[in-house]
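Please keep both in view while you work through it.

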Amino acid sequence: MFERHIQAIRTDDPGREEPMATRERLQGGFAPGAVRRMTQLGLLVGAAVGELAPTEDDTVVYASAFGETRTLAGFLDSFPAASPTLFQTSVHPSGVQQVLIGRQRSVRDFFPLSGGPYLAGQALLVALLAATPRVLVCGGEERGTWMAECGVASPRAFAFALALTTAPGEGALGRLALTQTSERGGLSLPDWFDVLHRRQSFAGPVMPGWQLKLEWS
Amino acid sequence: MACDLPDSVQLAASACLTPLGDTTATLAALLRGERALQARPVLGREGGDRVPLALLPGRELDETAPPAWMDAVRTLLGAAPPAPWGDARHPVFVTSSNFGVGSLYAYRRGGDAAHLAYGAPFICVDWLRRELGWGDNVTIFSHACVSAHLGLMQAARLIRAGLAERALVFSFDFLSPFVAGGFHALKILNADWPAPYAVRATGSIGLGDGAAFAVLARDGGGLAIAAQSLHNEMFHFTANRPDGGGFAACLAPLVAAVGGSRLWIKGHGTGTLEAGRLEATAFARIFPRAPLVGWKGSLGHTLGSCGLVELALVAAALRAGRAPGTIGSTTPMMTDNVALEPFATAGYDAVLCASNAFGGAHAALLLRHV
């Protein structure tokens, strides 16, 4: 069994908020001037991760199935005069890089994942095998436009960040453990977000071969 | 975090596919100093500036639906050892930078909805999974040009923890007008041929198709992944810290693992000036006796697959006893440690394989004979 203790959690469910409104709502958490170029996902994930004060000695695990799809849509429409700025910020894992570059905060181990119905479990397995005492697990999506209608972008926006430690410490908010199982099932990123946002307990398979138990203190 | 692996994880099998052919053919061509790159229009059939691109034989830059590269991938993976890949004990890690994102450009340009079946990473990978007969246990890492190293690190951790018998790491990136257009917009993909680590007025890269696999296991293959290291500068999206601190930070944890080994280095070496100078300088300072080679002057930068493509070529070079030099470059070089000509590997104990990426991401691993 692999387990970690939840020391901090941030979630953000902006509903159908447009990027401009997200920018106005969250701009106080970022350096002046940086916000203008940030994507909606960068703002959402960045605000959540930023509050957990990442350090170089943390492992950062980032999960997003689709990444910066609004920027990607803009980049596609910039052809044949492709936009270098949109190219840079459309590359996965820009969502986390935007905030960490803005803060000039290096990290040693950074594992960005994409995925489908097992993405949450896969990210957690990376986190629970990490070599550092503290791991930040974060992720999210931004709501796509025409790409969402085509099934290649997320229909909803959300973001989360968890600080996990090997030691329980005082005041841990919860505990999560992965154990091997033959039971089949998965936990997608939106479903994982809903579990976290509602502070629900969870027990069940999350990816092939693994089940998760999440308990809140 | 570097992991000096006391419990050896071995490179049980590896192979690659490049525009020069399979692993054996690519190594032979590199040893002859051949260049796969050719001057081609950056936007495919829509034209544009001619830039150095290396495509699989017979493949056009423009996307097709289904992707024209699938047959080549199937052939490549046909050489992988048989196993129930994708079950709980035989995980698969797919790593790439672009996956099928070029298909979105094809859709946007032509309106053919068939392209959408490959346009997002996990949609593309799920199609690959079904085509290749893998189970559901397929994890996707996407960290631009260090993606392959992340797959190798997580695979090694699972093997070392006894949670997997063998792990398959597969990496691919095939060019498209979308990808070439992006790098052209950054002006680093231009009309010049790449000359890694060479002193010249302007830097330039080439881009290439590439795919590779590695099978990691407790034993077999005769080559051990002795240590791995990552570092992410988070200094700038497309530039490194000007003091080279990011390169040094990635290499520092590997020094102990190298010890007194006689080392050669397969660098990242895309052909950009500043990153090339910082990389070559860091290697020269930390491992002063180790010759440095880079192969992107021939193959082009194969992006998310480069770490695995070049690892397969390193393994093949070790088995063949001869490593290619730095193709496409001529003196003067940025540092004295750059090897321009092929050399015998018999005088060395280990190889350090390094890759870099957007965001100042650095990754390196140490490969040595068991």
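1. Two residues are said to be in contact here if their C-beta atoms, placed from the backbone, lie within 7 Å. Helices (H or I, at least four residues) and strands (E, at least two) are DSSP runs, numbered from the N terminus. The model is a predicted one, in which local features need pLDDT of at least 70 and side-chain atom pairs count only at pLDDT 80 or more, while totals for chains, interfaces and linings use all residues. Residues are numbered from 1 along each chain as its sequence is written, and chains are lettered from A and ligands numbered from 1 in the order in which they are written.

2. Helix H5(A) deserves a careful look: 9 of its 9 residues are buried, so the helix is largely enclosed by the rest of the structure. Buried means that 20 or more other C-beta atoms lie within 10 Å of the residue's own (exposed is 12 or fewer, partly exposed is in between, and C-beta atoms are placed from the backbone). Among these buried residues are A:Val96, A:Val99, A:Leu100 and A:Ile101, and what covers the buried residues of H5(A) includes helix H2 (40-50), strand S2 (59-63), H4 and strand S4 (134-141) of chain A.

3. In the loop between H4 and H5 of chain A lies A:Pro93, which a cis peptide bond with omega of about 10 degrees joins to A:His92. After H5(A) comes A:Gln104, whose phi is positive, near 50 degrees.

4. Where do the two chains meet? In total, 40 residues of chain A are in contact with 45 residues of chain B. On the chain A side, helix H4 (84-90), helix H5 (94-102), strand S3 (109-114) and helix H6 (119-128) each supply at least two residues, and S3(A) gives the most, with 6 residues. That side divides into 24 nonpolar, 13 polar and 3 charged residues, where Ala, Val, Leu, Ile, Met, Phe, Trp, Tyr, Cys and Pro count as nonpolar, Asp, Glu, Lys and Arg as charged, and the others, Gly among them, as polar.

5. Within chain B, which has 11 helices and 16 strands, helix H1 (residues 23-31) and helix H11 (residues 306-320) pack at an angle of about 75 degrees, with their axes 10 Å apart. Axes are lines fitted to C-alpha atoms, for helices over the stretch in contact, and angles run from 0 to 180 degrees between N-to-C directions. H1(B) and H11(B) are therefore roughly perpendicular to each other (angles under 35 degrees count as roughly parallel, over 145 as roughly antiparallel, 65 to 115 as roughly perpendicular and the rest as oblique). The residues of their contact divide into 6 nonpolar, 3 polar and no charged.

6. Two residues of chain B remain to be inspected. B:Tyr197 is not a glycine, yet has a positive phi of about 65 degrees, and with 28 C-beta neighbours inside 10 Å it counts as buried. B:Met234, likewise not a glycine, has a positive phi of about 55 degrees, and with 27 C-beta neighbours inside 10 Å it counts as buried.
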